[in-house]
Amino acid sequence: MRMSQLFVPTLREVPAEAETISHQYLLRAGMIRRIAAGIYTYLPLAQRVLEKIEEIVREEMNKQGGQELKMPTLHPAELWQESSRWDAYGRELFRLRDRHERDYCLGPTHEEVITDLVRREVNSYRQLPLLLYQIQTKFRDEIRPRFGLMRGREFTMKDLYSFDRDQDGLDVSYQKMYDAYSAIFRRCALKFRVVEADTGAIGGTDSHEFIVVADTGEDEIIYCEACDYAANVERAVAALAGEEDIAEPLKDLKLASTPGMTSIDDVVSFLGTEPQRLLKTLVYLAIDGEAYKPVVVVLRGDREVNEIKLQNHLGCMHLALADAQTVEEITQAPVGFAGPVGLKDVRIIIDAEVPTVVNGICGANRADYHWINVNPQRDFPPAEIMDLRRVAAGDKCHFCGNPLKSDRGIEVGHIFKLGTKYSVAMDATFLDEAGRKKPMVMGCYGIGIPRTMAAAIEQNHDENGIIWPLSIAPYQVVIIPVNSKNAEHMELAEDLYTRMNRVGIEVVLDDRDERAGVKFNDADLIGFPLRLTLGPRSLKEGKVEIKDRATGKVTLVEIGEAVAVIKDRIEEMGKGWA
Ligand code: ATP
Ligand code: MG
């Protein structure tokens with residue numbers, strides 16, 4: 001391709017709306033343009049990168065026995081009503097109505113449609129397992145579309161669905177996808193971690209996320225370097241701290257005056273204690289549509305509530321901290337003095353660590369007073385005990401006791417054992433060897449294609465622009481004749497361009513009548529892995545310059561050898577990933 005013809009409107013300035021590096025460079029390198037919040041056009045360079053990622057995905061899916069198909073984006077409401085997700089999916093679902101007043105949605109995911117297909121066409125164990133996938137547009141009316149392609153409202157996803165006879169079969173399909181995903185992200189040259197993921201209110205079954213490590217990521221992951229435990233913070237567990245703590249005799253419960261001390265910090269310094277002695281008491285509302293129920297939650301003063309764990313446990317649609325009025329109604333005291341001691345007629349949930357607290361402190365449900373020497377096992381009313389806490393770096397690993405670490409990252413892939421959730425709801429059954437009717441056991445597996453492209457930029461860039469990994473670069477090489485006015489140099493550049501094309505190298509010839517500086521800047525911004533420069537000085541010696549975008553390393557080679565050297569470089573760079 002010739003740069004003079006390539007539709008790549010690069011920008012000099014950093015666009016004001018772009019907060020993250022990938023968003024900035026995608027705009028500046030002329031790869032994407034926004035038409036509305038979370039909705040983008042992919043320009044030719046982006047399209048090439050997306051196609052390369054898709055091709056890698058396709059190869060790895062096919063290798064594991066996946067079969068590609070394509071389902072519609074427009075889904076009739078009836079299917080979503082059958083699975084109960086028409087209501088449960090909430091406002092993220094784009095809904096529309098046809099001329100006959102029938103309801104439809106734009107597919108945010110395809111469990112319903114694929115289950116409908118398979119239940120009609122598959123009825124015997126002989127037809128299973130089945131691994132079906134598509135690479136297709138999804139629509140999600142995200143509350144906060146942001147960071148360019150990271151969180152869009154329209155985006156391409158590869159989604160595969162597995163159908164098996166039983167749990168063992170699902171385990172095999174799941175492992176295949178786990179392996180395929182690892183291969184895909186390795187081939188895209190991404191540094192990633194596989195972490196245990198939250199499975200929502202259905203719980204129980206396995207789920208893993210593939211997280212590309214990046215500071216700008218929206219996800220937080222917790223991991224242990226000693227034993228390989230890794231989980232999304234939404235799901236992460238840690239050892240209880242209590243055991244090694246205080247071994248002291250239980251003291252008598254006493255009321256202490258704490259005038260105006262409503263925060264943890266206030267109480268800690270006023271009573272001269274430590275936050276882990278405090279029994280932080282919060283009132284939440286479990287909300288389902290119009291209905292809501294208060295829930296009192298207790299955890300150590302130095303811990304935070306993991307609201308995902310709490311919501312999963314409660315099985316409610318939304319969760320919110322209660323307003324001051326509700327807190328007062330439940331505790332008979334102003335906000336800041338709540339405690340579980342003596343509370344009645346309300347659901348109380350305490351974090352698993354709370355029972356290990358000895359001679360602790362909590363609000364007395366009375367303005368300006370706290371209880372001291374609180375011993376949960378002795379003084380609390382009956383309560384549910386569960387792991388409620390949000391794990392943080394430095395907490396001890398549940399499995400090996402070593403300190404946990406945390407990182408930020410971008411979720412690029414998600415694999416999930418669905419079990420029979422959809423097959424039971426939608427009656428997708430088959431007959432086993434003994435002629436018994438059974439629900440199919442399902443899994444679902446998704447990769448965001450544009451998000452993967454953006455994640456690659458977050459990990460591979462410098463102050464001058466993108467540094468594409470070779471496997472997903474829009475083009476492998478750019479040829480830059482420094483002096484475009486010199487006919488001889490241009491002819492030589494044309495010749496190299498033709499020869500590279502002939503041997504299948506993906507090359508752009510920067511044939512524009514521009515200053516060399518402009519061409520170099522664009523080449524760095526766009527991020528071609530290799531740059532071949534025809535400079536007047538080296539040409540005098542019959543040489544051209546080859547520069548590696550990632551390392552900055554420059555080598556001078558004989559003109560006659562340039563194509564072969566580049567070909568070797570490309571092969572070498574591709575090794576280790578494929
Ligand atoms: P998130 O927690 O980031 O919203 P999700 O759990 O909703 O993701 P899945 O439903 O598991 O995502 O979708 C599979 C994959 O699709 C994700 O791993 C991600 O790569 C991609 N994806 C999901 N939502 C978006 C979005 N709004 N924009 C771009 N890619 C997305
Ligand atoms: Mg989401």
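1. Helices α2 and α12 are roughly perpendicular to each other, a label given to angles of 65 to 115 degrees, whereas angles under 35 degrees count as roughly parallel, over 145 as roughly antiparallel and the rest as oblique. The axes of α2 (residues 44-63) and α12 (residues 449-459) cross at roughly 110 degrees and come within 10 Å. Axes are lines fitted to C-alpha atoms, for helices over the stretch in contact, and angles run from 0 to 180 degrees between N-to-C directions. Helices (H or I, at least four residues) and strands (E, at least two) are DSSP runs numbered from the N terminus.

2. On the α2 side, the contact (heavy atoms within 4.5 Å) involves A46, V49, L50, I53, E54 and V57; α12 contributes I449, P450, T452 and M453. By class, this contact has eight nonpolar residues, one polar and one charged. Here Ala, Val, Leu, Ile, Met, Phe, Trp, Tyr, Cys and Pro count as nonpolar, Asp, Glu, Lys and Arg as charged, and the others, Gly among them, as polar.

3. The model is predicted: local features need pLDDT of at least 70, side-chain atom pairs count only at pLDDT 80 or more, and totals for chains, interfaces and linings use all residues. Residues are numbered from 1 along each chain as its sequence is written, chains are lettered from A and ligands numbered from 1 in the order in which they are written, and side-chain values use heavy atoms, with hydrogens and water left out.

4. Helix α12 also meets α1 (residues 21-28): their axes come within 8 Å and cross at roughly 105 degrees. The two helices are therefore roughly perpendicular to each other. I21, S22, Y25 and L26 of α1 face M453, A454, I457 and E458 of α12 in this contact, which comprises six nonpolar residues, one polar and one charged.

5. Ligand 1 is surrounded by 14 residues, each with a heavy atom within 4 Å of the ligand. The closest are E142, R151, G152, E411 and H414. The shell divides into five nonpolar, four polar and five charged residues. Strands β8 (154-164) and β21 (405-419) each supply at least two residues, and β21 gives the most, with four.

6. Another ligand oxygen contact, at 2.9 Å, reaches a side-chain N or O atom of R140. A ligand nitrogen is 3.4 Å from a polar backbone atom of M150.

7. The peptide bond from L128 to P129 is cis, with omega near 0 degrees; P129 lies in the loop between α5 (111-121) and β7 (130-139). A189, in the loop between α6 (167-187) and β9 (192-196), has a positive phi near 60 degrees. Most residues other than glycine have a negative phi, and most peptide bonds are trans.

Conventions
A polar contact is a pair of N or O atoms within 3.5 Å; within protein, one must be able to donate a hydrogen and the other to accept it, and residues adjacent in sequence count only if both atoms are side-chain atoms.
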